[in-house]
Amino acid sequence: MSATEMRYVHAIAQALRDSMDADSDVMLLGEDIAGAGGSFKATRGLLETFGPERVRDTPISEASIVSAAVGAALSGAKPVVEIMFMDFITLAMDALVNQAAKARFMFGGQGSVPMVLRTPHGGGLSAGPQHSQCLEAWLAHVPGLKVVCPSTAQDAYSLLRAAIDDPDPVMFIEHKALYAAKGTVDTDVVAAIGSARIARSGRDVTVVSYGATVAVCLSAAERLALEGIEVEVVDLRTVQPWDRATVLASLARTHRAVIVHEAVQAFGVGAEIAATLADDGFDELDAPVVRVGAPFMPVPFATSLEKAYQVDADAVIAAIRKTLL
Amino acid sequence: MSSRTSLEKPAGAMTGGNTDGPQRLQALYAVMTLIRQVEQALSRLFADGDVPGFIHLSVGQEAVAAGVASALSGADTLATTHRGHGHVLARGIDVEGLFKEIMGKAGGLCQGRGGSMHVADLKLGILGANGIVGAGIPIAVGSAMAHAMQKSGAVAVVFFGDGAMAEGVLHESLNMAALWKLPLLFVCENNGWSEFSPTSQQFAGKLEALAGAFGITHELVDGNDALAVSVAARAAVGDLRAGRGPRVLECVTHRVRGHFEGDPQKYRNADEMTAAANLDPIARARASLLELGAGAADVDALDERAGAMVDAAIAAARADGLPSFANAVQDVYTQQERT
């Protein structure tokens with residue numbers, strides 16, 4: 001199979017299937033992933049092909065299933081653990097922060113922890129304060145973890161393959177609102193973790209984003225193009241390690257930068273990027289770097305409240321105009 | 001010099017089958033005296049300021065380590081606790097590498113990055129001591145899961161203290177191990193103390209009842225009787241290898257030292273501390289050996305051999321250089337070849 005049109009969630013399922021076919025050490029574990037095929041159906045059909053020892057339905061015990069992935073990874077397996085909503089990683093933070101992230105370093109480089117944690121973040125579904133958060137900045141702050149956040153079906157496929165092949169723990173963050181999005185997927189395309197993508201070229205301003213807000217930025221760019229403002233959209237694809245070279249090179253072309261993410265703006269990924277641009281990119285900047293993120297509040301439930309909370313194209317356009325004043 | 005080689009002989013003898021009686025006890029004694037002498041040396045080095053940070057000693061609990069390790073072989077894996085020196089020594093970890101690690105030297109098993117609480121040797125299946133109470137338990141679940149998937153015949157063992165009985169991950173892990181009939185041996189070293197508090201004030205349940213709730217066979221053993229622990233561990237590991245699911249082995253033992261070295265232990269009364277010290281598993285094994293007809297000189301020779309190993313390891317650790325910061329900072333992630 002090469003290029004096919006498929007949904008983002010099916011690209012994930014295909015990547016899991018292809019990785020399991022390619023490597024008998026790859027195993028899946030998570031709540032309702034086997035018999036039920038996953039809450040978002042990302043693992044549908046895999047139990048039937050690979051059996052219950054490689055596709056394990058787990059009890060609702062997030063702390064222990066993520067720790068078990070660490071133990072399996074240290075014992076020769078390549079586990080891919082699904083956490084149903086990113087909000088639930090709160091229960092597994094010891095496994096991620098104290099165990100998975102540190103094992104390679106604190107054991108003196110004797111081995112590594114080749115595990116992947118797949119989990120969906122993000123709102124837009126009225127899922128409420130405990131099922132909608134974007135917590136990737138927490139994970140990006142922990143030395144030893146990699147954090148990947150694909151915005152397209154192609155990247156969901158290629159980056160998940162790369163994450164499973166990676167020797168270190170990779171947090172693979174999906175977006176609930178993207179699962180149904182369709183895109184062309186070529187299973188021969190290889191992606192590297194840590195490499196950004198220019199999603200749209202433009203000369204006037206660089207907009208850096210990742211995950212579901214890449215589409216929001218592209219829609220803002222289209223609207224501004226009607227006025228003759230050419231926006232370059234950089235899709236980071238990987239939050240940790242993020243592709244400084246691509247972002248700084250884009251800034252060197254446009255001299256203006258806006259960073260956009262769905263997560264709370266304060267202490268977020270955007271703050272790290274802005275600080276780097278202010279430092280390493282200082283000579284290139286013709287305007288202050290502007291961030292766009294969620295307000296400092298929990299994600300609200302009511303559709304009207306959540307709509308007001310979420311980053312939209314209007315907010316991105318306002319931020320871009322600010323850099324062009 | 002690698003001091004591991006010289007330990008392999010008794011370890012091999014222990015796993016060699018039905019060597020009941022004196023030989024088996026002698027092998028257990030050799031392991032216990034090594035653990036004791038390593039930890040006594042660490043205590044001195046710590047008091048002299050040669051060990052940074054803090055260390056937790058298992059003095060008085062050596063029979064659990066020696067007995068359980070005697071049931072393990074080849075590809076078996078082990079996860080342990082902050083009080084884990086004995087367990088890793090019993091599995092044959094390099095004594096010199098251990099001292100270098102705990103003294104923060106370049107040649108440490110973990111290049112001086114982990115210290116006492118994170119000693120690991122993945123080649124020996126030692127998945128690490130752990131600084132988080134109970135954290136090794138679900139890690140061992142995952143290791144047992146990998147053994148089951150790979151059909152390797154290996155088993156996983158996790159050591160935890162009675163202080164971990166109140167941790168949620170123990171309850172979760174018992175459930176998962178039982179659900180999936182994993183080849184996992186839960187070894188509780190019940191020394192009566194949850195850090196600075198009596199476990200009776202920390203945990204309202206009983207491990208036996210907890211294991212029973214998940215249908216897991218629980219066995220209570222005198223954790224200061226090395227031979228009894230060895231017999232129980234071998235039987236349990238035999239069951240694991242036969243695919244009969246997880247087992248819980250609760251070893252009742254006594255913590256002779258404080259929670260950490262330098263702990264003034266004002267929370268303990270003198271009588272209890274003396275009683276704990278008097279239940280010394282090593283003195284007990286020695287007396288049994290002599291009763292069984294071993295010569296005092298033969299037993300002394302085991303002590304001397306362990307002492308020589310410790311002295312050599314300390315000398316090597318003192319002579320070793322400091323770890324490289326540049327190497328450390330490069331080792332947060334696996335360095336991959338650029339393509």
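Analyst: Helix axes here are lines fitted to C-alpha atoms over the stretch in contact, with angles from 0 to 180 degrees between N-to-C directions. This is a predicted model: local features need pLDDT of at least 70 and side-chain atom pairs 80 or more, while totals for chains, interfaces and linings use all residues. Residues count from 1 along each chain as written, with chains lettered from A and ligands numbered from 1 in the order written.

User: How do I read a pair of helices, and at what angle do α2(B) and α3(B) cross?

Analyst: Two packed helices are described by the angle and the distance between their axes. Helices are DSSP runs (H or I, at least four residues), numbered from the N terminus. In chain B, α2 (residues 22–47) and α3 (residues 62–69) have axes that come within 9 Å and cross at roughly 135 degrees. The two are therefore oblique (under 35 degrees is roughly parallel, over 145 roughly antiparallel, 65 to 115 roughly perpendicular, the rest oblique).

User: Which residues of α2(B) and α3(B) make the contact?

Analyst: From α2(B), B:L28, B:V31, B:M32, B:I35 and B:R36; from α3(B), B:E62, B:A63, B:A65, B:A66, B:G67 and B:A69. Contact means C-beta atoms, placed from the backbone, within 7 Å. These residues split into 8 nonpolar, 1 polar and 2 charged (Ala, Val, Leu, Ile, Met, Phe, Trp, Tyr, Cys and Pro are nonpolar, Asp, Glu, Lys and Arg charged, the others, Gly among them, polar).

User: And how do α2(B) and α11(B) cross?

Analyst: The axes of α2(B) and α11(B) (residues 281–291) come within 10 Å and cross at roughly 150 degrees. That makes α2(B) roughly antiparallel to α11(B). Their contact includes B:L25, B:Y29 and B:M32 of α2(B), plus B:I282, B:A285 and B:L289 of α11(B). By class, it has 9 nonpolar, 3 polar and 2 charged residues.

User: How many residues of chain A are in contact with chain B?

Analyst: 35 residues of chain A are in contact with 38 of chain B. On the chain A side, α3 (62–73), α4 (93–100) and α5 (103–106) each give two or more residues, and α3(A) has the largest share, 8 residues. By class, that side has 15 nonpolar, 15 polar and 5 charged residues.

Conventions:
Contact = placed C-beta atoms within 7 Å.
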